Structure formats: C-alpha cells, structure tokens
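Work through the exercises below with the structure open beside you. Try each task before you read its solution.

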Amino acid sequence: LNSEVDPHDRHLRRIFNNERFDQGGRIYGGFWQPMKSELRSSDIRIDDSPIAELDYAQMLLHLCYGQVGKQPPPGDLYEVPSLSERGADRKGIKQVINAVMFAANPLKRLPKGSRQYFPMDLSFEEILHAITRHHQPVARLLFSGVGMTLMHLESEILVSNLLDLISKRVTSLPVHDALLVPCSQIEVARKVMLDNFESMGGVTGKVNVDKG
C-alpha cells in the first residue's frame, strides 16, 4: 500500500444528518475510502484476490421511483432527451436533479458550477420543466427535499448488503453507495445488492461493475 495509507484504519461509523436518525446515515471511515479509485484497484487485495468496485447506478433517483411504486424509464435516468437534444450535458442534468432533491426551499437558479453544462439559451425554468416532464411520476418528490430521507434508505441498503455478505463469508468494504469485493465474488455480491435494493427500495436497481 501507499506509505501514506494506514491499513490498520478499519473503523467505520455512520453519519446522520439534521439531528435525526432517519436522515443520512452513510458509512464513513476505513483507509480505503479516501484512496483514489485507481489506487484501490492496484493496491488493495481481499483474500489475496484483486478487487472490483460494485456501485448502484443513479441510486437515489431509482429510490424515488420506488417510493411511488413505479418503475423508472429505461436507460440512464440522468439523460433527459429534450435537454440532451438541445446540447445539455449529462453532468449538468445530474447536478440539477441532485440539487432539487436536497434543497430545503425551491431553487431559483442553477446550482453553482452547473451553467457550463447547458447552452446559454436554455433557461433554468426550461431545464426544470424538462426534468419534471421526463420524471413526472416522481416530480412531487424531486422538489420536496427528499434527498436526506432517500440517503438514509440508501445507507440501510448498504448495511444490509454488508451483513448479508458477512453471512456468506464474503469480505466487502463500503464506499458510500458502492462495495469493494474480491473479483472472485462479483456475482455473489451483485445478486445480494440487487436483491436488497428491490426488497428495500421497492424497485429494480442497477449495479455497475468496475474491475479497475
């Protein structure tokens, strides 16, 4: 391992938000979390095996759909066709969606740093209207400040993943909404993650696999 990394730092903690145990709750700690992704892949071995990173795709937005009992549209949920057709970048759309989910009050302008991802002739109101129309089934949730509540559900799913993998004798290391697992256990971990997402989130999830 890199000399600046302490492999004995394995203490984990959950951080909740707004002085409530039903908001936030993500897992922090462990020497592997602050490491760059490429260094995790090259420097970390679990049970003498190279590792893979498994993470949920568009997790909070999928959970929004689970809250209303609807399946999300196919494909990348951060791709809004009417915006992409006008030259908007996925990064900007993602920033706006995440901002409205976590905003305590209605947004009146684009989040800081996101204007660069949209053409100048595309107004903030047009952007919000396009997102609302594309994600109409969950529009009322998107603009209700539901982010921290969904993050709590995300964290509960991650805890269940860790416990289920322990019961299967699979070592896994959490990185927010992702897990590091031995490459030999990718399919076991992927099934656990998908099963828990569906049973707890109420909707079919997607898991990306990065073998570095």
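**Exercise 1: A glutamine in a loop**

The side chain of Gln33 comes within 3.2 Å of the backbone oxygen of Ile27. The model is a predicted one.

Task: Find where Gln33 sits, and decide whether Gln33 is buried or exposed.

Solution. 
- Step 1. Locate the residue. Gln33 lies in the loop between β2 (20-29) and α1 (37-43).
- Step 2. Apply the cut-off. Buried means under 20% relative accessible area. Gln33 has 13% relative accessibility, so Gln33 counts as buried.
- Step 3. List the contacts, leaving aside neighbours within four places in sequence. Gln33 touches Ile27, Tyr28, Arg40, Pro174, Val175 and His176.

**Exercise 2: Aromatic pairs**

Task: State how many aromatic pairs there are, then classify the pair of Phe16 and Phe21.

Solution. 
- Step 1. Count. There are 3 aromatic pairs.
- Step 2. Use the angle. Planes over 60 degrees apart count as edge-to-face. The planes of Phe16 and Phe21 are at 75°, so this pair is edge-to-face. The ring centres of Phe16 and Phe21 are 5.1 Å apart.
- Step 3. Phe16 is partly exposed because its relative accessibility is 27%. Phe21, at 68%, counts as exposed.
- Step 4. Turn to another pair. Tyr56 and Phe197 are tilted, with 35° between the planes and 5.0 Å centre to centre.
- Step 5. Tyr56 is in strand β4 and Phe197 is in helix α8 (residues 186-201).

**Exercise 3: Helix α2 and what follows**

Task: Explain why α2 is described as largely enclosed by the rest of the structure.

Solution. 
- Step 1. Look at burial. In α2, 8 of the 9 residues are buried, so the helix is largely enclosed.
- Step 2. Name them. The buried residues are Met59, Leu60, Leu61, His62, Leu63, Cys64, Tyr65 and Gly66.
- Step 3. Find their partners. These buried residues pack against β4, α4, α5 (124-134), α6 (139-142), α7 (147-167) and α8.
- Step 4. Step past the helix. Gly69 follows α2 and has a positive phi, near 70°. Gly69 sits in the loop between α2 and α3 (81-84). With 59% relative accessibility, Gly69 counts as exposed.
- Step 5. Compare sequence and space. Gly69 and Lys91 are 22 residues apart in sequence, and their C-alpha atoms are 27 Å apart.

**Exercise 4: The largest pocket**

Task: Describe the largest pocket by volume, lining and residue class.

Solution. 
- Step 1. Give the volume. The largest pocket has about 270 Å³.
- Step 2. Find the centre. The pocket is lined by 13 residues, and Gln58, Met59, Tyr78, Lys94 and Asp177 are the closest to its centre.
- Step 3. Assign elements. β4 (49-56), α2 (59-67) and α4 (90-102) each give two or more residues to the lining. The largest share, 3 residues, comes from α4.
- Step 4. Sort by class. The lining has 5 nonpolar, 2 polar and 6 charged residues.

**Exercise 5: A residue of α4**

Task: Decide how exposed Gln95 is, and list its contacts.

Solution. 
- Step 1. Locate. Gln95 is in helix α4.
- Step 2. Classify. Gln95 has a relative accessible area of 29%, so Gln95 is partly exposed.
- Step 3. List. Beyond four places in sequence, Gln95 contacts Pro111, Lys112, Gly113, Ser114 and Tyr117.

How values were computed: Residues numbered from 1 in each chain as written. Predicted model: local features only at pLDDT ≥ 70, side-chain atom pairs only at ≥ 80, totals over all residues. Heavy atoms only, no water. 1 Å grid on protein atoms, 1.4 Å probe; cavity = no way out; pocket = protein on both sides within 12 Å on 5 of 7 lines; lining within 4 Å. Points joined across faces, edges and corners; volume = space filled by probe spheres on them. Helix = DSSP H or I, 4+ residues; strand = E, 2+ residues; numbered from the N terminus. Nonpolar A, V, L, I, M, F, W, Y, C, P; charged D, E, K, R; others polar. Buried < 20%, exposed > 50% of the residue type's maximum accessible area, 1.4 Å probe, protein only. Polar contact = N/O pair within 3.5 Å; in protein donor to acceptor, adjacent residues only side chain to side chain. Contact = heavy atoms within 4.5 Å. Phe/Tyr/Trp six-rings, centres within 6.5 Å; stacked < 30°, edge-to-face > 60°.
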